[in-house]
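Subject: Structure handover

Hello,

Here is the structure for your files. My notes on pockets, strand pairing and one database annotation follow it.

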Amino acid sequence: MTQTPVEEMSFELAMKELETVVGQLERGDVALDDSIALYERGAALKKRCEDELKRAEEKVAAITLDANGNATGTTPLDAG
Amino acid sequence: MSDLFDDPTPGQNTPVFTVSELSGEVKRTLEGTFGRIRVRGEVGRIFKARSGHLYYDVKDDKSVLACTTWKGQVSKLAVVPEEGLEVIVTGRLTAFGAQSKYNMNVEEVAVAGQGALMALLEKRKKQLEAEGLFAPERKQALPYLPRFIGVVTSPSGAVIRDILHRLRDRFPRKVLVWPVAVQGKNCAAEVANAINGFNGFTPGGALPRPDLVIVARGGGSVEDLWGFNEEIVARAVAASQIPLISAVGHETDTTLIDYVSDQRAPTPTAAAELAVPVRLELLAWTGEQGARMTHAVGQSVQQRKQRLKDMSRAMPKPERLLDDPRQKLDILFDKLPNALIRGVQNRRVQLSQKSAGLRPQALQQLMARRHDKLISLSSQLNLRTTSQNLALHKERLEHLSKQLDGLHQQRIEKTRQQLDAAGRQLEILSYRATLDRGYAVVRDAGQLITSKATAAKASALEIEFSDGTIKLGGAED
């Protein structure tokens, strides 16, 4: 089983794999040694998902434009 | 002669213009009389000169009006004329003296009524659809959880507020707003520029490249939303490498951008819902997955423990393991002496059964039986039959030899008769018979002489007659 490092996974992929891991563990047809490795993988995936979910941050900025309509930078936007 | 020259005659005082004077007069009259006017008609041929000036016809079923819009005016047009479009043009009538033509300088173009607008929209839709810009396979999948969301809309107003509110409720994200005019003549160009601009951001550049773009505007009249029906907007959306959600107007308003976008949202709020999942739900889900996982592993260990316990319970005690064989051994050991005795007894019985039949009497009987058989067989073997056979064969032999003799005798007789007949024949044909009739045969030393020449050479002659031979000459015997 070739595994992508958890840190490189997108949130969606990590979610999908976590679901698979849980399913495998619940079916209980995994050898004990494998199930421990699987659990570790699952825990890493869960952490990856949680980190992403905790990283929820709101930052709103508006793009500033020059005379030709090209983006020059950003300015904080307070849209109430 | 004088007819050839324009010689003013009395009573004829019509003024004479030069062509340019007249041209100028006509131009002044046209401009002065009509002033600024509005004309309704259908756009005909269009020619955009390299200079940037726009030349086109506005016509009805009978007449054609030549129109020009100078380069500097073109960018200010709210509607760029398109062939077949029903428009109202506003401008001044003027004349072009160099070609004896009049035309209208148009400063404003407006679509003539909603019907005409809708017809135009329909036409564009057909064209873009024919190009395959609406094809489902062109649609990109939206990212599950975008990191940066680009929003193309007006920086003030309810739309951006609604989007940010809903994003905050669901999953706060980083949002970059590209401010644009959402109506009016600059709308289409600014929106297209914003979409292209977001796509132009390089990943890791000074400005983060959004992984999702929302183009949004609140509800309004068809004219208000018209910028989102413009071809440049539709083409910018189609070219966007970043997945794009369109949310223009209310649910019932469908603009050209909605057909080209990867996903159409009925309202700006709905666009925010399509953009991100609900964070709290995902957190709960993740927590649940973790709990299930821990439970599953615990369960798995528990199950194995239980099975181990069950199996070890089912395992017999080591000291009991030998009980059975030991008992078996005891029983067998008990049986051993008896078995030996019984074996000998059994054999004895067998011996006596076998030896019972073994008596001299039985042998004698057997011999007697054989003897009887011998006698009976030898009785069949007598001489009579043999001598009879012999006599029979002798008789047959005699008969056959008689037959053979007879056949032999017959054959000799027949041959003799044939010989006699041949002898007689020979006598008849022999020269000796001729001798009887007076002929003689002359020979020299046994050689037959048939000519006088041979006879003359011969040393002696023998002449044979029927009754004997005489020799003439030669040595006497």
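The second largest pocket holds about 310 Å³ of space. A pocket here is an open set of points on a 1 Å grid over the protein atoms alone, where a 1.4 Å probe fits and protein lies on both sides within 12 Å along at least five of seven lines; lining residues have an atom within 4 Å of a point. Grid points are joined across faces, edges and corners, and the volume is the space filled by probe spheres set on the points.

This is a predicted model: local features need pLDDT of at least 70, side-chain atom pairs count only at pLDDT 80 or more, and totals for chains, interfaces and linings use all residues. Residues are numbered from 1 along each chain as its sequence is written, chains are lettered from A and ligands numbered from 1 in the order in which they are written, and side-chain values use heavy atoms, with hydrogens and water left out.

Sixteen residues line the second largest pocket, and those nearest its centre are Tyr55(B), Tyr56(B), Asp57(B), Ala66(B) and Cys67(B). Two or more lining residues come from each of S1, strand S2 (54-59), strand S3 (64-69) and S5 of chain B. Helices (H or I, at least four residues) and strands (E, at least two) are DSSP runs, numbered from the N terminus. S3(B) has the largest share, five residues. By class the lining has ten nonpolar, three polar and three charged residues; Ala, Val, Leu, Ile, Met, Phe, Trp, Tyr, Cys and Pro count as nonpolar, Asp, Glu, Lys and Arg as charged, and the others, Gly among them, as polar.

The largest pocket has about 640 Å³ of space. Its lining has 27 residues, the closest to the centre being Leu77(B), Ala78(B), Val79(B), Val80(B) and Glu230(B). S5(B) gives the most to this lining, three residues. The classes are 16 nonpolar, four polar and seven charged.

Further along chain B, strand S11 (residues 441-444) pairs with strand S13 (residues 461-465) in the antiparallel sense over three bridges. Pairing requires at least two DSSP bridges between the strands. Val442(B) has Ile463(B) in S13(B) as its bridge partner. S13(B) also pairs with strand S14 (residues 468-472) of chain B, antiparallel over five bridges, and a hairpin of two residues joins S13(B) to S14(B).

In chain A, an unreviewed UniProt entry lists residues 39-66 as "coiled-coil region". In the model, residues 39-66 of chain A are 57% helix and 25% strand, with the end C-alpha atoms 54 Å apart. UniProt positions are in the numbering used here, feature names are shortened, and annotations may be inferred rather than shown by experiment.

Regards
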